[in-house]
Amino acid sequence: MSNAPKRISAPLSAKQSLWLFGTAVLVFAPLAPYLPEWLSTLTSLIMVWRGVLLWRHASLPPRWLLVVMVFAGVAGIAWHFHGLFGRNPGVALLALLFALKLLEMRSVRDGFAVVLLGYFLTLTQFFYAQNIGNAAVTLAGVALTTATLVILNHRRQPAGRALRLAGLMLLQAVPFMLVLFVLFPRVQGPLWGLPVDAFSGLTGLSDSMTPGSISQLSQSDAIAFRAKFTGEFEGRAPPQIVLYWRGPVLSLFDGRTWKLGRVFVSSRLPYLPRGAAVNYAVTLEPHYKPWLFAMELPATIPAEGLIASDYQLLAKSPVRVRLRYQMTSYPEIMAGVDEAPAILREALQLPALFNPRARALAEQWRAELGANDTGIIRRMLDFYRRQTFIYTLSPPLLGNHSVDEFLFDSKRGFCEHFSAGFVFMMRAAGIPARVVTGYQGGELNPIDGTLIVRQSDAHAWAEVWLKGRGWLRIDPTAAVAPTRIELNLARALPVGEARPLLARPEFMWLLQMRYRWDALANVWNQWVLGYNPQRQRELLANLGMPSPDWQKMTAVLTGFCGILLLGYTVLAIYQRQRLSPVQVAWNRFSKILARRGLPRKPWEGPYAYAERITANLSVEQSAMVADIDEVVDIYARLRYTETSPIQATKLLQDMKGRISRLAQRKP
Amino acid sequence: MLASPVAFLQERFYRWALRGHPPEASPIRLTQRRIFVLPTRQGLAYAVSLLVMLIGAINYNLSLGHALVFLLAGLGATAILHTFRNLAYLQICPGRCEPVFAGEHARFGIVLANQRRESRPSVRLRLPGQVPVDVEIPGQASIEVGLELSTSSRGWLPLPRVTLETNYPLGLIRAWSYVAPDQRCLVYPSPASAAPPLPAMPGEGCGAAHQASGMEDFSGLRLHQPADPPRHVAWKSAARQTEGPLLTKQFSGAAAQTLWFDWEMLSAYGDTERCLSVMTRWICDAHAAGLTWGLRLPGKELAPASGNAHFHACLKLLALYE
């Protein structure tokens, strides 16, 4: 409107400020642990300050002080993160501005800015965690923020009504959310280069192995990946003894550390399938390393992957998001019968100066057994079995000649010790050998039939190359602690060894609960968090939308949203008239009289109406006076005084009877 | 019009929105066809924020971020409905509208009837160029809202186009509708501030106000009528018999005290409006003093009488004088 005055935003009332403050606290609290400590403290202090000001009805600090605080805060963030660009500094800046905005919140427009910032901050939480708990907290935050928006625009609304309304509206928004979530054409991010700090390191297998590195991992309960078998093993899993999930293959040894060898990658399988196939889908948690895990030996290469010359599946880029891929493995494949000489040379390499005792023993065996490679392997496994080797999570620290010390002195070790000792001895005896790391076994969740492989299932084993047979898997740990392979880690550890809480038999019920929770978390991961473009295509194809592209999706999406809106509109319109029976009767009465030329004026009360019309009745109409007076009287009593329900029913009957009588009278 | 094409278009829009023919018959019902819905500035800011959030969620592959943005988008969609619903099927009727003197504020009563069980909070009524009025209409009830409009000239003042709007509940969406109820306010001429004294009574030569009180002579009682001045009610007899009707004292010789306000007396002024203004002043003064007067305009005459009804009848005649 051209003559409308320039918009001036109304000042905030105390009630509105209080609501905004409450919202700010609820939105900020879940984010606080992820901010730098000094910033969390600073923002918390600002909020406390704001709370005190609110409590005392004191005025807000002067603007220059805020400007100083903004500059100080921004400088602090820039110093802390060595810059202002990227995800973490961005979130930190947003949190700082959010807190400071509370201190200069004067008008409704400022309040609205706080609400929008609040929605933003709610989103930034998801950078750090996206589990079910987070989602619940977020929902509470969004409900409160929305109620605040109601109060902000309509300050006279009572608190209960605002909250109820916000809840109702969010409930009505859920169908829209579901439709959009399923059908909105997904784009695989990132849209532009992500800042370096987008991912922070997590536990997982690394590209090297020193004594103790895997036993450290086995204390972690974190999930490495899940596998869901189909076909023959639908809803269950193959025997533990074949569940070797191949990870980094370590063939370089410098005397202490095992490292990745030189490999070539290819998109073609270096071997031919043989024996029975096992089909399954792997959902890999992000681990920021390139390897993809599969049962030995994989026979399909996922779309996002390649295969290395040591039969390790590699992703084309580090796994930064939860990744799901279909796999087929053949446990009986013979691989590397015609192995390249360079690879075999690498598998024989040993540093000259270390571990003389082990070397001597291996050479002695070779001299005794001649060309009998299998004999040497058997001799080594017997060595582990006969001597009193102990399988333990907390082996003693080893010195320079780590293999010597382990084999002949301490004799206590974890899988990396056993496999490293074995491979060392094989190489010393002239048999090509290498260490394979990965995961062994897994835990079948009886609730949903997925196999959960945790970091604690990390394992290291060995591979030896025999002429005419290729690479053979040998697990030296099985010689010492066969239960580790057949059952799991918890059973294999001697009694009294510290083990994870849930691995203790007395906590079975807790374990059951964890299974349930984990099944739920898996569904959440698969269908909510893991809902990516690929998943969307699969789902829509299953729902009968062949080759869904974004045009089709948008069309269907628009259709669904339109139907929803239409449905709600119809509901909104047809809910409108639910009049009380008294009102219905009164309306009928007014209508009857209006037809006789005696309409009620909209502003007339019942008595005023009766008085006016009874004064103007014609002679024929004057017989109606008694009924009219009585109806008006009953209506007024039912409408404006308190009557007992029984009496009300009786009165209403009387009223309706008289109205019908009036209706039947000739006009 | 040419100078301001925007204003021209606006006027065309109003006319289209009212479907051409105001004023409308009452009750006016706000059906879905006549309610307009558009986002407010806040709503646009909200939409832009959601877009930015969506881009962030896509860029960082935040599945829950998608879910949050979609939930908030759904919230925006439901806000449209809630805002629309706050106006839809509201019933509007013209209410009371007392006559005013020119220069005073006319108060147009608008009766808003809510047949729904839930109340309709924050409904705003606005006349062009006036300060809006915010009301809440309780469930299954009707309220009367007074819309004030300044007046400048006598005659019928029609109620201009009324804008009913609401942005309840979230302030993101504005729903509005135009109504033009068939209502008009009678504007009396404004009483002249400097007027000649009341004209002398024929036959007498003295000030009317003085004479009127002295010459009254009680002649009897008759049934009370609402237009009788309160001072003529026979209060004493009313106090004696509580059951009976109110009676009015009648005075003989009333005709003798009758004033005549004649157009001819003011012919010296020449200016019609000025004459009307002076006459209005006289009528007001005479009414305040409880006198009886008659009015004589060219071609029209009101017999001498007193009381409220006569007072308003006279003023109406003046207001509508051609």
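Me: How many helices and strands does the secondary structure of chain A come to?

Reply: Helices (H or I, at least four residues) and strands (E, at least two) are DSSP runs, numbered from the N terminus. Chain A comes to 23 helices and 18 strands, and chain B to seven helices and 17 strands. This is a predicted model, in which local features need pLDDT of at least 70 and side-chain atom pairs count only at pLDDT 80 or more, while totals for chains, interfaces and linings use all residues. Residues are numbered from 1 along each chain as its sequence is written, with chains lettered from A and ligands numbered from 1 in the order in which they are written.

Me: Where in chain A is confidence lowest, and where highest?

Reply: pLDDT is the predictor's confidence in each residue, from 0 to 100. Where pLDDT is low, the predicted coordinates should not be read in detail. The mean for chain A is 83, and 91% of its residues reach 70 or more. Helix α16 (residues 489-492) of chain A is lowest, at a mean of 57, and helix α7 (residues 159-183) of chain A is highest, at 93. Residues 1-6 of chain A stay under 50, and the model has three contacts for them beyond four places in sequence. Residues 195-202 of chain A are also below 50, with 13 contacts in the model beyond near neighbours in sequence. Two residues are in contact if their C-beta atoms, placed from the backbone, lie within 7 Å.

Me: What share of the residues of each chain counts as buried?

Reply: A residue is buried if 20 or more other C-beta atoms lie within 10 Å of its own, exposed if 12 or fewer, and partly exposed in between; these C-beta atoms too are placed from the backbone. Of the 667 residues of chain A, 34% are buried; of the 322 residues of chain B, 35% are. Sequence separation can be read from the contacts with a separation of 6 or more: residues 24 or more positions apart account for 73% of them in chain A and for 69% in chain B.

Me: Which residues of helix α21 of chain A are buried, and why do they line one face?

Reply: An α-helix has 3.6 residues a turn, so residues three or four places apart point the same way. In α21 (residues 606-615) of chain A the buried residues are A:Pro606, A:Tyr609, A:Ala610 and A:Ile613. Seen down the axis of α21(A), they fall within an arc of 95°, so they line one face of the helix. That arc is taken over the directions from the helix axis to the C-beta atoms. Their cover includes α20 (581-595) and α22 of chain A.

Me: At what angle do α22 and α23 of chain A pack?

Reply: Axes are lines fitted to C-alpha atoms, for helices over the stretch in contact, and angles run from 0 to 180 degrees between N-to-C directions. Helix α22 (residues 625-640) and helix α23 (residues 645-664) of chain A pack at about 150°, with axes 9 Å apart. The residues that meet include A:Ile634 and A:Leu638 from α22(A), and A:Leu651 and A:Met655 from α23(A). By class, this contact has 10 nonpolar, no polar and six charged residues. Ala, Val, Leu, Ile, Met, Phe, Trp, Tyr, Cys and Pro count as nonpolar, Asp, Glu, Lys and Arg as charged, and the others, Gly among them, as polar.

Me: How many residues does each chain give to the contact between chain B and chain A?

Reply: Each chain gives 55 residues. On the side of chain B that touches chain A, the largest share, 19 residues, comes from α3(B). The residues of that side divide into 30 nonpolar, 20 polar and five charged.

Me: Which backbone angles should I look at?

Reply: Most residues other than glycine have a negative phi, and most peptide bonds are trans. A cis bond joins A:Glu296 and A:Leu297, with omega about -15°; A:Leu297 is in the loop between β8 (294-295) and β9 (305-308) of chain A. Another cis bond joins B:Tyr168 and B:Pro169, with omega about 0°.

Me: Is A:His57, with its positive phi, buried or exposed?

Reply: A:His57 has a phi of about 55° although it is not a glycine. With 8 C-beta neighbours inside 10 Å, A:His57 counts as exposed. B:Ser122, in strand β6 of chain B, has a positive phi near 50°, but B:Ser122 is buried, with 21 other C-beta atoms within 10 Å.
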